[in-house]
Amino acid sequence: MNNATAAKQAAPKKMRKTASLEKKKARAGWIFVLPFVLGFVILYLPIVFDSIKYSFNEINIQTGGGYVLEYVGLKNYQEAIFVDASFVRTLTSGIKQLIFDIPAIVIFSLFMAVLLNQKMLGRAAFRAIFFVPVILATGLVAEIDAGNQLLDYMSSSESIATGSEQQDNSVAEIITATDLSFLFNNMAVGTELVEYVAGAVNNIYNIINRSGVQMLIFLAGLQSISPAIYESCSIDGATTWETFWKITFPMISPMILVNAIYTVIDSFTSSSNSVMSYISTVYDQAGGNVIASAMSWIYFIIVIAIIGIVAAVLSAYVFYQRRD
Amino acid sequence: MNAQTTPQAPKVTKETKNSIRVEFDRTSKWERFKIKYLSLNFLGMAIFKIFRFLLLLGISYVILYPFFSKISSSFMGRDDFVDVTVKLIPKYPTLDTYKEIIAENGYLEALLNTTLLSLFCGLVQTFICCMIGYGFAKYKFKGRNILFALVIFTMVVPHDTLQLSMFMKFRYFDILGIFNLLGGGLIESFKLIKFTSLNLNNSYWPLALLSISGLAFKNGLYIFMMRQFFRGVPDELEESAYLDGYGPYRTFIKIILPLSVPMMVTIFLFAFSWQWTDSFYTTVFFTQEGMLLMPDIVKIPKTLDTNYAGQNLYTAAIRNTCGLMIVAPLIVVYLFGQKYLIQGIERSGIVG
């Protein structure tokens, strides 16, 4: 583009040129993010505001098209918290469950990522299998699984045949540990242990299912640690265990923060968790019930609070390698 | 072993142009074997490796077992579900479940519609998120950090929170009140168009609009991943392109896009398959009968008589079969794409 004329115009112009390049780049930046900006302003912001607005209103859809809003103040919120008997219960139990799950998911995915990062037989195959749930066990399939009696039956046919010993705890279970408990029964260890192991296995299926993306993020993080550091460690005589805690763990700690927050977001917003499914049943009940909006804003505020706490606690321990 | 390490000069037994064979004192095979394999260190390593392998194998089993049991149950006949002795292998194998789902639930139509929708959404979202991520990663402009915080915000808000208002937004679609103004909603006499709002539900429009603006399902995550990826791309690439006379847009199209193909395949894989199995947006935006999509085929075909002793299990098996048929095309896509999934993520170096 810069032809001969531009070249002839000498030094004084040069300053202006560089400044305009900066400006040009800033403008290009805006254009690259423009779709998001437009969408956010035109679509998303009104949607969010409407949602907040609806939660303070009564809504009536009219037959001719159009709808009428009636301001009712905090009534929806009051109804959600004080009138609806099961909302608060679902909320507390759901949050308790999630708080229990989140460290488990983060630790498990870190552990698995470290394993999958090592060189070994069949690594590619294992990796392929481990990321199957990311792609396949989401959305619809997770929903179908959630109310799945067949798999429970498949794995606990004994209990159905002999009575209903295990049935109460197998509502949300996707895989029960038939073979495991069968094995342990034969080994004649205590029933508590059997139940505990079976429970752990159940939970682990959930955990595996929900830790695919986290595993990917950890793997990426592990790949970015320079091998030179490990090499110098092994020359200095550090064991694998020490290397993990002194090198891998600090280096991966920013990823732990990212993953913890991602896990919170992911598990709180996934439609398979109990609070979300409760909210959507409320929504479906009256075909656009505004109480559902109120409920989900209450829920959202709690989620934000939890994310804030997690971020604050973890970022105190995160180690950032100085870059640049 | 290098010949140089032995104290005496090595005796060359054979020398050709490319290779050399030297004779030197070597510890005997048995000694080497003992040192290498009969040590505690090796034992520890071996135990660790076996343990690791078994652990991974076990977890793989846990992941794959539900698929196996679903597949086996999808071939079971009615009588298998009341037979206690049947576990994984059906006694009365049948293809009826599949046939009825295809014939009655309109599987093929849903497959076609969903393929179109997911392909479109996947491609658009991949490109748009790539663009937005590139903008965030490589250009400094005012308000960049605030905008990026907004991207994170769209990730954090549970979409169920916006369910009602999202439905309403597209039921009475309006761009910043322009349609309302032109249609005479504000001033009676000023009427250029016949409507005050558009009903975009039950069409591809809502999802298309959300995809184009990078606001659809999990797009915040994609933008984040793309941004991290582009941060790892050296600036020199673009600088050299500028020197060659490319502008920012041509640089993006000609240099950056080809470079980021593995990452884009990753994003596409996510976008495509999550759109494919999505039931939230499809149920919000497609409320009436008419457009068959994947969530609609999850129901019990009427010709399959489920009213008998094994009803619960049978219906569950049918629902599972629906689920299997929904993900079947995804399995194919995954088999082709999984290599890129891991490569793309590894190269992205999502750090900090």
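1. Helix α13 of chain A is followed by A:G237, whose phi is positive, near 90 degrees. Helices here are DSSP runs of H or I with at least four residues, strands are runs of E with at least two, and both are numbered from the N terminus. A residue is called buried if 20 or more other C-beta atoms lie within 10 Å of its own, exposed if 12 or fewer, and partly exposed in between, with C-beta atoms placed from the backbone.

2. A word on the model: it is predicted, so local features need pLDDT of at least 70 and side-chain atom pairs count only at pLDDT 80 or more, while totals for chains, interfaces and linings use all residues. Residues are numbered from 1 along each chain as its sequence is written, and chains are lettered from A and ligands numbered from 1 in the order in which they are written.

3. Chain A has 16 helices and 2 strands. Of its 324 residues, 36% count as buried. Among contacts in chain A with a separation of 6 or more, 65% are between residues 24 or more positions apart. Two residues are in contact if their C-beta atoms, placed from the backbone, lie within 7 Å.

4. How many residues of chain B are in contact with chain A? The count is 84 residues of chain B, against 83 residues of chain A. Several helices of chain B each supply at least two residues to this side, including α2 (40-74), α4 (107-138) and α12 (261-277). The most comes from α14(B), with 18 residues. By class, this side of chain B has 53 nonpolar, 22 polar and 9 charged residues. Ala, Val, Leu, Ile, Met, Phe, Trp, Tyr, Cys and Pro count as nonpolar, Asp, Glu, Lys and Arg as charged, and the others, Gly among them, as polar.

5. One helix pair between the chains can be described in detail. The axes of α5(A) (residues 123-130) and α2(B) come within 10 Å and cross at roughly 35 degrees. Axes are lines fitted to C-alpha atoms, for helices over the stretch in contact, and angles run from 0 to 180 degrees between N-to-C directions. The contact is made by A:F126, A:I129 and A:F130 on α5(A), and by B:L56, B:S60, B:I63 and B:L64 on α2(B). By class, that is 6 nonpolar, 1 polar and no charged residues.

6. The largest nonpolar core has 137 residues, and those touching the most other members are A:I279, A:M295, B:I132, B:Y222, B:M226 and B:I267. Such a core is a set of buried Ala, Val, Leu, Ile, Met, Phe, Trp, Tyr and Cys residues joined through C-beta atoms within 7 Å. Not counting residues up to four places away in sequence, B:M226 touches residues including B:C129, B:Y134 and B:I267.

7. B:Y134 is in helix α4 of chain B. Is B:Y134 buried or exposed? B:Y134 counts as buried because it has 26 C-beta neighbours inside 10 Å. Not counting residues up to four places away in sequence, B:Y134 touches A:F32 of the other chain, as well as B:M226, B:F230, B:F252 and B:I256.

8. β1(B) runs antiparallel to β2(B) (residues 20-23), and 4 bridges join them. Two strands pair if DSSP finds at least two bridges between them. The two form a hairpin with 4 residues between them. B:V12 has B:V22 as its bridge partner, and B:K14 stands opposite B:R21.
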